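Please read it alongside the coordinates.

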Amino acid sequence: MKYYILVFIYVFLDQITKLLVIKNIPYNSFIKINEFFNLVNISNTGIAFSLFQGKNIFFIISTILIVCCLIFFIKKNKSILTKLQMHSLLLVISGGLGNLIDRFVRGYVVDFIDIGYKEVYRWPSFNIADSCVCIGVTLFVFSAFISKDNKLK
């Protein structure tokens, strides 16, 4: 049960931040926070780095399949997963659900975090859900190098 609460919290944070951006930043504009960080309001019908634009239906179906597979994997392996592995998978599920909600409700994903240096060296815009997926995958890979007692192998 506590795992569902964590997923709810991550998805809620993702959705509430996107709503705040939509309500407070006009579409295709930005608020400069400092030289390295802007808040933007852009849409993304693709995946990471705005790749494969316009394939919304494909990403809806693939996200549903991936989330279902991860839930099935957790249920089958719950007793052997470490806390780090469990939380990493929950982050990936949460990120997938956060962006899935956007695709269903808006037909695109809202990206709003813009980081980089000056105007030339900018990372592609992203959101909380994207961060959850990236952090979750990274932690899961990292967990492969840690034993059950949280020591490096």
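1. Basis of the note. The model is predicted, so that local features need pLDDT of at least 70 and side-chain atom pairs count only at pLDDT 80 or more, whereas totals for chains, interfaces and linings use all residues. Residues are numbered from 1 along each chain as its sequence is written, and side-chain values use heavy atoms, with hydrogens and water left out.

2. Overall architecture. The protein chain holds 4 helices and 4 strands, which follow one another along the sequence as α-β-β-α-α-β-β-α. Helices (H or I, at least four residues) and strands (E, at least two) are DSSP runs, numbered from the N terminus. The C-alpha trace spans about 45 × 35 × 30 Å along its principal axes.

3. Of the 153 residues in the protein chain, 36% count as buried; the classes are buried for under 20% relative accessible area, exposed for over 50% and partly exposed in between, with a 1.4 Å probe and protein chains only.

4. Helix H2. Residues 56-77 form H2, a helix of 22 residues whose first and last C-alpha atoms are 31 Å apart, close to the 32 Å expected at 1.5 Å a residue. The expected span is 1.5 Å times one less than the number of residues in the helix. The buried residues of H2 are Asn56, Phe59, Ile60, Ser62, Thr63, Val67, Leu70, Ile74 and Asn77, and their cover includes helix H3 (83-105).

5. Thr63 as an example. Thr63 belongs to helix H2 and is buried, because its relative accessible area is 17%. Residues up to four places away in sequence being set aside, Thr63 touches Gly96 and Leu100.

6. Helix H3. The 23 residues of H3 should span 33 Å at 1.5 Å a residue, and the end C-alpha atoms are 33 Å apart, which agrees. Just after H3, Gly107 takes a positive phi of about 85°.

7. Packing of H3 and H4. H3 and helix H4 (residues 128-143) pack at about 155°, with axes 7 Å apart. H3 is therefore roughly antiparallel to H4. Axes here are lines fitted to C-alpha atoms, for helices over the stretch in contact, and angles run from 0 to 180 degrees between N-to-C directions; under 35 degrees counts as roughly parallel, over 145 as roughly antiparallel, 65 to 115 as roughly perpendicular and the rest as oblique. The residues that meet include Leu84, Leu91, Gly95 and Gly96 in H3, and Ala129, Cys132, Gly136 and Phe140 in H4. By class, this contact of H3 with H4 has 12 nonpolar, 8 polar and 1 charged residues. Ala, Val, Leu, Ile, Met, Phe, Trp, Tyr, Cys and Pro count as nonpolar, Asp, Glu, Lys and Arg as charged, and the others, Gly among them, as polar.

8. Packing of H1 and H4. The axes of helix H1 (residues 2-24) and H4 come within 8 Å and cross at roughly 145°. Tyr10, Leu13, Asp14, Thr17 and Lys18 of H1 make the contact with Ile128, Ala129 and Cys132 of H4. By class, the contact of H1 with H4 has 5 nonpolar, 1 polar and 2 charged residues.

9. Phe112. Phe112 is buried, because its relative accessible area is 5%.

10. Lys32. Strand S1 (residues 30-32) contains Lys32, which counts as partly exposed because its relative accessibility is 47%. Its contacts, neighbours within four places in sequence left aside, are Phe37 and Asn38. Lys32 and Asp114 are 82 residues apart in sequence and 9.4 Å apart in space, C-alpha to C-alpha.

11. Asn28. Asn28 lies in the loop between H1 and S1 and is exposed, with a relative accessible area of 55%. Its phi is near 65°, a positive value in a residue other than glycine. Most residues other than glycine have a negative phi.

Definitions and conventions
Contact = heavy atoms within 4.5 Å.
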